[in-house]
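I opened the notebook to record what I looked up, one entry at a time. Here is what I had on screen.

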4 protein chains.
Amino acid sequence: MKTQPLQTRISTFDETGATIRGKSLVDDLIGEVTFSQMIYLHILGTMPTPAQVRVLDAVLVTLVDHGVMASVASRLVYMSSPDAIQGAIAAGILGMGSQFGGVMEEIGRNLESIIAAQDPQGEATAIVARYRAARQPVPGFGHPHFRPEDPRSLKLLQVAEQAGLSGRFVSALHTLADAVDKALGKHVTINATAAIAALLGEIGVPGRIMRGFAAISRTPGIVGHLHEEQTHPAAYSIGMTAQEMVPYVGEVPPRK
Amino acid sequence: MKTQPLQTRISTFDETGATIRGKSLVDDLIGEVTFSQMIYLHILGTMPTPAQVRVLDAVLVTLVDHGVMASVASRLVYMSSPDAIQGAIAAGILGMGSQFGGVMEEIGRNLESIIAAQDPQGEATAIVARYRAARQPVPGFGHPHFRPEDPRSLKLLQVAEQAGLSGRFVSALHTLADAVDKALGKHVTINATAAIAALLGEIGVPGRIMRGFAAISRTPGIVGHLHEEQTHPAAYSIGMTAQEMVPYVGEVPPRK
Amino acid sequence: MKTQPLQTRISTFDETGATIRGKSLVDDLIGEVTFSQMIYLHILGTMPTPAQVRVLDAVLVTLVDHGVMASVASRLVYMSSPDAIQGAIAAGILGMGSQFGGVMEEIGRNLESIIAAQDPQGEATAIVARYRAARQPVPGFGHPHFRPEDPRSLKLLQVAEQAGLSGRFVSALHTLADAVDKALGKHVTINATAAIAALLGEIGVPGRIMRGFAAISRTPGIVGHLHEEQTHPAAYSIGMTAQEMVPYVGEVPPRK
Amino acid sequence: MKTQPLQTRISTFDETGATIRGKSLVDDLIGEVTFSQMIYLHILGTMPTPAQVRVLDAVLVTLVDHGVMASVASRLVYMSSPDAIQGAIAAGILGMGSQFGGVMEEIGRNLESIIAAQDPQGEATAIVARYRAARQPVPGFGHPHFRPEDPRSLKLLQVAEQAGLSGRFVSALHTLADAVDKALGKHVTINATAAIAALLGEIGVPGRIMRGFAAISRTPGIVGHLHEEQTHPAAYSIGMTAQEMVPYVGEVPPRK
């Protein structure tokens, strides 16, 4: 950390507006590339191919919305501070933690280790055995409602296939899925989180920043719910219901 | 608030995956629409026209990056909690407050009042007079570096023109710009924030949610800087420099 | 901003541990002062008198808890990221916005302007008239349940009285309350937020930082609820109930 | 999770104000207990003894301030949104992550496992061996500046001793310290984080919520720096310096 010189390869301001990843913001980017292309360029440093953009769009579209439940924290913060909507958005982003984004990263690491292994099947079997020994589910497999298949996963894998980007990560996912099915003696759903991790791997997103893509996708999802809250408020009713749902069962002070 | 029934028009889960704004997530959205189309559909409720998408892309691309300075808070939070990158992203979103997103909203409201006025020139003149009476700059005008024009604004307005979406909001912006120039007796730069507010107005984004679009755009910008921080850390050096830049000038306790 | 030299009067590290506000952290503060004394010293720069500490304690104690409703956003963020509890706490802090902390600041400013006025009664009458003209409630007055008096306000004002700190701010509060009652032709409750703003004013807290004291107080309140959530989780049930409470009423795509 | 009935033992609203942990907010708490007593009662459910309060105060006082560096993220968020100070406070809380609060929790768990062991020395030796095998420092030991002793740790342990609360956790800390010294063949500093974890253990705070106490303590620290930023702004200079410190070394687009 000490000896590495401080430097950025992302951007610099100049009299033309700004240079971002070697492109002129005004001449090469505004009006010239889509938001999805810009996202890929900014984070990964190169302009994506059309196939990579197609897969990225499919992933980002999948993760935008996750229902009213995922908007409750944001709606409540908005209610208490409608003049500072950035706080409500931030509260929603804070919900993209280990139980979701972290799972995606873990799947990404598992797929990477299968790809790197000389014996992919053996590695997949070992990974599954490790979770089972710890009595934990294998991340990316199983879904409470979608059985035998998660329709989102099927569509995502189809998009990758059609884009010609069904390569090592998708293959590793199938290898892992086979190991899961064999260990459990039945077919287990490949859920959307697993398909997304595989597709992000295919387009060159390292596991360590996958959670960032989930946040990029979820931000407009939160904004959509906040826009609805502005005209059809639900936060107060939800909060009051929560208050009533969780009764106080502690001691009561003696009346004086 | 009490009598309005609770309801959402955004989404519902079902056995096909999910329905979002009347579209099947799996059949109609994943792999079928771009992220930009999805953003518009989710927040505003209708599928955008190609022209609206073009303008939306131009706006979102413009706001992604704002240099290392805008990433410092995120980089510092990341350094202290690299396992919870959502916190670092949230810290960046919290910086999209009144001094930036709020200014955009204020410009949006000013343009709306010029559009609504019977005498647009008169209304623009009155708006400018109000800020000058309060000895405040007119939001959206002036830039420390870009004179006489902000190249980003020129490009953004050109994109709108080419998309056939240079309508009431762009016209109101020019009316307001003329009033500013007349009041100050010289030409004042129309800055990028003003051009963005006008373009968002053109594609149907209400002023009250404009700050949300700034957050959508900035999220990948933050993720890009955090991805760089993962391999080329700068946060510690920045923090130490800050510590040294701000010396303690308070009292010193007597030695015992 | 440019010409003022950068400097801090708060703290510096040194070989004795640290110096904070002119005190040795190790010799003068740890084990020597209470947390409440430290809070006052750190923020306001001087060691508080015993009377000031008593009033500060009363204020901070009052604001710690605000029921399950105020903990819902934190509990939901915790559920999604139990390994990063700081995110759940931050989400709770984000709820201390304009509708609560901001109201306290507004009351503080109103009391300051009554204190500064040559004719306090006239100023109070003018303030009340201004809110009534805008068809807004006078901040600090009225409560949905506590009538005719808020028992918390009575106790807080009693604490200040007993501490000998019932001075200009408490007096201004009563002047304002009289103006409210006269304007409405009936007695209106002085709510706890008003009493707290007056007491913080009495101990030298400027209006512009009052919201910070609310956050200080609320942080342990959030931590208490998160500690309960760790062993008696309620977040998932609340989230699912919210999902069911807000039904989807949008279009449904045709079945294919 | 499913079968446990929803319930809270924290608080309920009622016509007397509120009941918190079996106490009347108005009769038993406001003006009757200190903020530190209230913190302990709210989170842990029982009124602390005077000795427990003394130790809690010492811990909370220690963690309030951590210099300008720890305030940079908050100051920058404040600069961009001074009207929403809760966002700046939240950004500071987000910095209390795994590298600090998480370390405290890890120390707490290590001390708990030494206490629970039949052979404490053996367990301590095993813990140290585990970190050394992973080429990691033993959490809680070593400090870049304080050698051979951290003066804060000495004072904290002294406070616990004087309060009569130097029991199993402090003893486990010394056992662990001996094992560290033996393994490294020299004396290694017991840093303040270790002493704090031991003291929190002594007063009954479980490891899983220790990070919450760090956040409680840091909140006024952040508020203090924000109060200073309101009158002596440093954020802009820090941000500009950061921008200049990290030069752009990427490609430059050809001039057109």
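**Entry 1: chain A against chain C**

I began with charges and counted zero salt bridges between chain A and chain C. I kept in mind that this is a predicted model. Next I looked for polar contacts and found 14 residue pairs between chain A and chain C, both residues at pLDDT 80 or more.

Which helices of chain A supply at least two residues each to the side that touches chain C? I listed α4 (72-80), α5 (85-94), α6 (98-116) and α12 (235-245). I noted that α12(A) gives the most, with nine residues. I then sorted that side of chain A by residue type: 18 nonpolar, 12 polar and one charged.

I also looked up the extent of the contact. Chain A brings 31 residues and chain C brings 31 residues. The buried area between chain A and chain C is about 2,500 Å². Carbon and sulfur atoms give 74% of that area.

**Entry 2: symmetry**

I superposed chain A on chain C. A rotation of 180° does it, with 0.0 Å of shift along the axis and an RMSD of 0.0 Å. The two copies are therefore related as by a two-fold rotation axis. Which C-alpha of chain A is nearest the axis? I found that of A:A73, 2.1 Å from the axis. The same surface serves both copies, since 100% of the contact residues of chain A recur in chain C.

**Entry 3: salt bridges**

I counted 20 salt bridges over all chains. I picked a few to look at.

In one of them, B:E32 pairs with A:K155, and the closest N and O atoms are 2.9 Å apart. B:E32 sits in the loop between α1 (25-29) and α2 (35-44) of chain B, and A:K155 sits in helix α8 (residues 151-162) of chain A, so this pair joins two chains. A:K155 is buried, at 11%.

Then I turned to B:E105 and B:R211, whose side chains meet in a salt bridge at 2.9 Å, N to O. The pair links distant parts of the chain: helix α6 (residues 98-116) holds B:E105, helix α11 (residues 210-231) holds B:R211, and they are 106 residues apart. I checked burial too. B:E105 is buried at 11% relative accessible area, and B:R211 is buried at 5%.

Chain D has a salt bridge between D:E105 and D:R211, with the closest N and O atoms 2.9 Å apart. I read 12% relative accessible area for D:E105, which is buried. D:R211 is buried at 5%. Last, I noted a network: salt bridges that share partners join A:R75, A:E228 and A:E229.

Definitions and conventions:
Residues are numbered from 1 along each chain as its sequence is written. Chains are lettered from A and ligands numbered from 1 in the order in which they are written. This is a predicted model: local features need pLDDT of at least 70, side-chain atom pairs count only at pLDDT 80 or more; totals for chains, interfaces and linings use all residues. Side-chain values use heavy atoms; hydrogens and water are left out. Contact means heavy atoms within 4.5 Å. Buried area is the accessible area (1.4 Å probe) that two parts lose on being put together, summed over both. A salt bridge is a side-chain nitrogen of Lys or Arg within 4 Å of a carboxyl oxygen of Asp or Glu. A polar contact is a pair of N or O atoms within 3.5 Å; within protein, one must be able to donate a hydrogen and the other to accept it, and residues adjacent in sequence count only if both atoms are side-chain atoms. Helices (H or I, at least four residues) and strands (E, at least two) are DSSP runs, numbered from the N terminus. Ala, Val, Leu, Ile, Met, Phe, Trp, Tyr, Cys and Pro count as nonpolar, Asp, Glu, Lys and Arg as charged, and the others, Gly among them, as polar. Copies are superposed by least squares on the C-alpha atoms of residues with pLDDT of at least 70 in both. Buried means under 20% relative accessible area, exposed over 50%, partly exposed in between (1.4 Å probe, protein chains only).
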